Amino acid sequence: QVQLVESGGGLVQAGGSLRLSCLASGGFYRLNLMGWYRQAPGKQRELVASITSAGNTDYTLSAKGRFTISRSNAENTIDLQMNSLKPEDTAVYYCYASIDYSLKMKDMDHWGRGTLVTVSS
């Protein structure tokens, strides 16, 4: 069974940093696009950053220049380094992956359970 497990959330003061990690485990053929989404109270889930297996990245405007997404294909992990955190970054952060189970079962969406990031002012 494929699982995405996040770690690294917590409480930090504004201006501080946190690093989130996500490990994909279980039986699968290939990890494709991976990324981080977040959902703040009362708001819709939004993309924060994504990274392809080739290392191409994309960021939401509010994350550019402050957050960096990285990936290890060998270890099946992605990280999100978050610097200069702001109270408006407070949200539950979810790891996402598009996974090929096999050559015939491709692009299956998977989500982690989420990790809470709280930024105090």
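I began with the pairing of serine 21, whose bridge partner in strand E8 is aspartate 79; strands here are DSSP runs of at least two residues, numbered from the N terminus. I noted that the model is predicted, that local features need pLDDT of at least 70 and side-chain atom pairs pLDDT 80 or more, while totals for chains, interfaces and linings use all residues. Residues are numbered from 1 along each chain as its sequence is written, and side-chain values use heavy atoms, without hydrogens or water.

I then followed E3 and E8, which pair in the antiparallel sense over six bridges (pairing requires at least two DSSP bridges). I found both in an open sheet of four strands, ordered E1-E3-E8-E7 with antiparallel pairing. Strand E1 (3–7) and E7 stand at the edges with a single partner strand each, so one side of each has no neighbour in the sheet.

Of its 30 residues, Trp36, Val48, Phe67, Leu80, Met82 and Tyr93 touch the most other members. I recorded that E9 gives the largest share, five residues. Beyond four places in sequence, leucine 80 is in contact (heavy atoms within 4.5 Å) with residues including Trp36, Val48, Phe67 and Tyr93.

Last, I checked threonine 115, which lies in strand E11 and is buried at 11% relative accessible area (buried is under 20%, with a 1.4 Å probe and protein chains only). Its side chain reaches the backbone nitrogen of glycine 9 at 3.2 Å.

Key
Core = buried A, V, L, I, M, F, W, Y, C linked by side-chain atoms within 4.5 Å. Buried < 20%, exposed > 50% of the residue type's maximum accessible area, 1.4 Å probe, protein only. Polar contact = N/O pair within 3.5 Å; in protein donor to acceptor, adjacent residues only side chain to side chain.
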